[in-house]
Amino acid sequence: MAGLKLPKFKTMSIEQEVFTFSNPKFVYIPLISGNDMNLTVLTKKGEYVKKGEIIAKRKGNFRIPIHASVSGKVIDFVEKTYLTGEKVKCVVIENDFKEQMERQYEPKKLISTYTKEEFLALLQDNGVIGMGGAGFPTYVKYESKEKIHTLLVNAVECEPYITADHVVIQKYCEAILETIDAILEINGIDEAIIAIKKTNIELKEIFDRYIGTYLKVKIAFVPDIYPMGWERTLVRQVKHVEYRTLPIERGIVVNNISTIYAIYEALKYNKPVMERFVTFTGDGLKNPRNVLLKVGTSAFEVLEKLEIDAREYIVVAGGPMMGDAILDEELVITPNLNCVLVLKKGLEDIETTCLRCGKCVEVCPAKISPVMIRDHLKDPGYLSRLQPLKCVECGLCSYICPAKIRVRESVREAKKIVKERAKCKSLS
Ligand code: SF4
Ligand code: SF4
């Protein structure tokens with residue numbers, strides 16, 4: 001199996017107390033859903049919005065709403081940095097600290113009693129998306145006409161530094177199990193499997209404490225290698241099957257553990273996704289820890305509180321493997337951002353010439369040749385034959401490269417070129 005055992009840096013954040021930063025003076029809510037910035041904006045400058053109010057909606061497919069995470073006045077529309085490093089237009093809300101709610105969230109006694117239609121509507125209306133990074137609308141996975149027989153819950157968190165999911169399990173294990181049970185009941189799913197790393201003894205003990213009464217829920221222990229948390233690798237490891245595009249082809253739905261908790265809040269309280277845990281960590285940070293934050297909070301406001309402890313550093317949105325370097329101080333928190341990493345810069349980061357060692361090819365879980373793709377960036381015709389679209393952006397090729405070449409960035413560039421070429425062909 002392609003994959004690597006990576007050094008661990010999780011204790012850096014997991015051993016520290018969780019920090020709550022729930023009252024920023026301003027929030028900057030990005031007007032983006034998935035990769036789609038083509039949204040209908042439902043508010044304007046000067047308007048008062050309540051917490052939980054829909055301020056924008058995606059057009060076309062996958063209509064996921066975007067909610068205000070605080071109450072207050074809309075004072076502007078500005079560009080901020082999204083987790084991919086792109087600039088995205090944001091609604092700026094000046095927090096009035098009154099937490100005026102758009103509606104009261106009455107707790108539902110038995111969350112397993114919803115009909116499937118009600119379940120789908122609650123997920124969609126509350127903006128539940130994949131919180132492990134992908135940001136894919138969750139209701140779409142359950143909307144399928146295929147019979148779902150397995151819910152595979154991804155609690156692997158295989159990136160080296162990130163512990164946000166770990167904290168969610170520590171805090172909300174009972175709610176997570178109740179939600180998994182409700183999802184099975186509502187959707188007529190046969191079983192749920194929660195995948196955790198076999199080295200993660202603490203999580204095993206937490207689940208052992210509560211899982212007894214949930215007879216259809218099992219734990220699967222998976223090897224501690226990267227990228228075990230990648231959907232395709234996980235499905236192969238746990239269910240021993242392959243699929244072409246999506247796991248639902250084989251009757252499987254995969255949800256990240258933080259997504260399950262967002263589903264809980266949607267089912268229990270009819271509550272939109274307005275906050276999340278984010279791991280702030282790295283050797284460039286004085287006080288690494290997990291932080292509970294409102295969507296739209298400025299990441300740099302949090303970094304100031306946790307104190308950057310390096311003269312030269314880089315900030316990465318996401319983990320060191322799949323994340324993107326952020327080149328300004330404008331990064332904002334979104335529901336699919338799980339980590340902000342601050343790393344000291346060193347001479348060892350300087351890129352040299354390719355040694356033709358082939359290590360990037362050996363580790364690639366998508367079984368493509370990153371080095372050849374990099375070599376052929378200027379030859380779009382040949383590039384598509386090298387199948388860069390199979391790349392899952394796991395970052396292993398860059399990690400392993402002894403010449404410190406950012407191979408993943410080249411493959412990502414190749415993906416754009418191939419997609420653009422396909423678009424042009426279809427239009428001509
Ligand atoms: S080419 Fe893509 S899938 Fe392969 S190792 Fe590099 S980032 Fe991962
Ligand atoms: S791992 Fe780096 S040095 Fe080796 S072939 Fe790939 S790009 Fe070249």
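1. Two strands pair if DSSP finds at least two bridges between them; strands (E, at least two residues) and helices (H or I, at least four) are DSSP runs, numbered from the N terminus. In strand β8, Phe77 has Val91 as its bridge partner. β8 pairs with strand β7 (residues 72-81) in the antiparallel sense, over nine bridges.

2. This is a predicted model, in which local features need pLDDT of at least 70 and side-chain atom pairs count only at pLDDT 80 or more, while totals for chains, interfaces and linings use all residues. Residues are numbered from 1 along each chain as its sequence is written, ligands are numbered from 1 in the order in which they are written, and side-chain values use heavy atoms, with hydrogens and water left out.

3. Strand β8 (residues 87-95) also pairs with β2 (residues 26-30), in the antiparallel sense over five bridges. Here Tyr28 has Val92 of β8 as its bridge partner. In the hairpin of β7 and β8, five residues lie between the strands, and Gly85 takes a positive phi near 95°.

4. Which residues of helix α5 (residues 201-210) are buried? They are Leu203, Ile206 and Phe207 (buried: under 20% relative accessible area, 1.4 Å probe, protein chains only). Seen down the axis of α5, the buried residues fall within an arc of 95°, so they line one face of the helix; the arc is that of the directions from the helix axis to the C-beta atoms. They pack against α4 (164-187), β10 (191-197), β11 (217-222) and α7 (257-269), where contact means heavy atoms within 4.5 Å.

Key. Buried means under 20% relative accessible area, exposed over 50%, partly exposed in between (1.4 Å probe, protein chains only).
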